[in-house]
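Welcome! Please take a moment to look over the sequence and the model before reading on.

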Amino acid sequence: MAVVVDNAAIQAVQISVWKKAFISLKGAPLIPLFIIVVFILSAILADLITFHDAHKVSLPNRLIPPFWQDGGTFSHPLGTDPLGRDVLTRIIYGTRVSVIIAGAALTIGGGFGTLVGLTAGFYGGKVDTLLMRLADITLAFPLILFAILLVMVIGPSMMNVIVAISLVLWARYARVIRGEVLGLMQRDFIARARVSGASDWRIMMRHLLPNVMPTLIVLLTLQVGWVIIVEASLSFLGAGIPPPTPAWGSMLADGREYVSTAWWVTTAPGIAIMLVVLAFNLSGDWLRERLDPKQRSI
Amino acid sequence: MQRYIIRRAGEAALALFVLSIIIFLMVRLTGDPALLMLPPDAGIEALEDLQRAMGTDKPLVVQYGLFINDYAHGSFGDSLRSKTPVSELISDRLPNSIKLIGAAFVIVILISLPLGVLSAVYKGTWIDTLCTGIAVLGQAIPVFWLGMLLIQLFTVKLGWLPSSGMGGLTNYIMPAFSLGFFTVAAITRLLRSSLLEAMDSEYIKLARIKGLTEFKVIWKHALRNSLISVVTLGGIYIAILITLGILVEVVFAWPGMGRLLFQGIVFRDFPVVQAVVMISAAIVITTSLMVDIAYAYLDPRIRLQ
């Protein structure tokens, strides 16, 4: 009998979790979330959902307009670029670059910044002063200039773009997380954890980190768009993803000379960047409203 | 106040120092800078000559001293491509970049103030939705793509505006607008939220009770206080305008520092890239320092923190 009751209780809890998930999705920005899902799925499934080679140059097919214009064909729905490569295929493959760079830079930069913020806020005093000065100096750095320099010396590659962005990104996280931690340190549960003999590391990871999670998630979501735009800017300047890898920024650079004759080469990747960045920004705003009432005014 | 200025200036100086070290080390750690300075087809004698001339056989500290000394005297080496001193190239281009950034700054103020005020005053109406929508879009559209869209519309389709170079006043419209748009978006959003906060405050109620016109209440009393939050971030906005300027200059073939940098990247002209990055970063760091100090001077709350 007792077992039955337990099962029922568990089921009740499960239902309420699902219900909660459903309720919390109410008022969610569905179109942006849909765009994010499509964006990530295209990166994963790029090989399956494209029919053309993203790299194969075919000069006879260069600059074919999109299908609704004269001379366009359905085999190249969004037309071809100056080297005869299918624009739609390259846009779909371009999601890979954006997903990898945003994912890696935010993991490395955000992870390191969170660690620095936790340390600074937890230990306070000289450690705090030193780490925050370091963060301020990093924030004073113009990122794009720094990345250009790095790429000039070591050569353009996806790795270097990730390194350059992470090197600057951490400071934002360190500052914000440290501010949160300072507030949490005054609370009773930290003192109690200390009394019960928890190590510094354990307090940071088990007691502080879960409490700064909402802020961290909001910040991460809001910065995906920013990282994508920075990557596109670097690729546009020729200091990002080296050709022929399809990246949205370098597609815009490829089409720059053809703005007046072949508008589709630059319009399609531009719209792709805009939609994805918009989707992440709107979802981030929504998350902030839900998870972090304190920051609503910002 | 003095302590604040000293602290901020120290930070800026440190940032510049770190930057110069990074530039210096990055080049030397990845091989001999003479190799980077030489064209790919140069012979071994040319390499040895250059190594001696640049002093790369000396210890790192001495080399760093020489590097800083050169930069402090405005000698940045010669461009590999045009063989002219980089300092000449930069002094030709720098004024053009400043003009473009100035024009963008004017556009930012002309557009973002009315947009921010309108969306706060007409909160919840279609006007607010429109203004906020523009602001949200501005942060999602890469400036260089916006530039291309403008060229497609106003140069290719309508033929109203020139798409490249400097000349008359019409040459400024599209570059300055695309450069400013991101900042317009940021300031509009910020201004809207801080205005809404101000409108709720006691001194606005008092101003209304006094019988001031709505126009005076908003534009004089509320806006003045809300602008503080915008001015606080002034340094950041200027830094954004300078770095985004590079991209816009490339799109519109604007003869400024950004285009110089772009050509430097394309032709792997290392002395040019190094000098432009160092100088632009120095400008960004010093302007944000000056904005911060001016702001601390105006608002006692900051310097007393």
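Please keep in mind that the model is predicted.

**Where the chains meet**

Chain B brings 45 residues to the contact and chain A brings 38 residues. Together they bury about 3,900 Å², with carbon and sulfur atoms giving 80% of that area. On the side of chain B, the residues that lose the most area to chain A are M26(B), W145(B) and M148(B), together 15% of what that side buries.

Two salt bridges are counted between chain B and chain A. E11(B) forms a salt bridge with R133(A), and the closest N and O atoms are 3.7 Å apart. Several helices of chain B give two or more residues to the side that touches chain A, among them α1 (2–29), α7 (143–157) and α13 (270–298). The largest share, 10 residues, comes from α1(B). By type, this side of chain B divides into 31 nonpolar, eight polar and six charged residues.

**An aromatic group in chain B**

Over all chains, the structure holds 14 aromatic pairs. In the pair of Y64(B) and F67(B), the ring centres are 6.3 Å apart and the planes are at 35°, so the pair is tilted. Y64(B) and F67(B) both lie in helix α4 (residues 60–72) of chain B, three residues apart, or about one turn of the helix. Here is how accessible each one is:

| Residue | Relative accessibility | Class |
|---|---|---|
| Y64(B) | 16% | buried |
| F67(B) | 8% | buried |

Y64(B) and F67(B) belong to one aromatic cluster with F17(B), Y71(B) and F76(B).

Methods: Residues are numbered from 1 along each chain as its sequence is written. Chains are lettered from A and ligands numbered from 1 in the order in which they are written. This is a predicted model: local features need pLDDT of at least 70, side-chain atom pairs count only at pLDDT 80 or more; totals for chains, interfaces and linings use all residues. Side-chain values use heavy atoms; hydrogens and water are left out. Contact means heavy atoms within 4.5 Å. Buried area is the accessible area (1.4 Å probe) that two parts lose on being put together, summed over both. A salt bridge is a side-chain nitrogen of Lys or Arg within 4 Å of a carboxyl oxygen of Asp or Glu. Helices (H or I, at least four residues) and strands (E, at least two) are DSSP runs, numbered from the N terminus. Ala, Val, Leu, Ile, Met, Phe, Trp, Tyr, Cys and Pro count as nonpolar, Asp, Glu, Lys and Arg as charged, and the others, Gly among them, as polar. Rings of Phe, Tyr and Trp (its six-membered ring) pair if their centres lie within 6.5 Å; planes under 30 degrees apart count as stacked, over 60 as edge-to-face and the rest as tilted. Buried means under 20% relative accessible area, exposed over 50%, partly exposed in between (1.4 Å probe, protein chains only).
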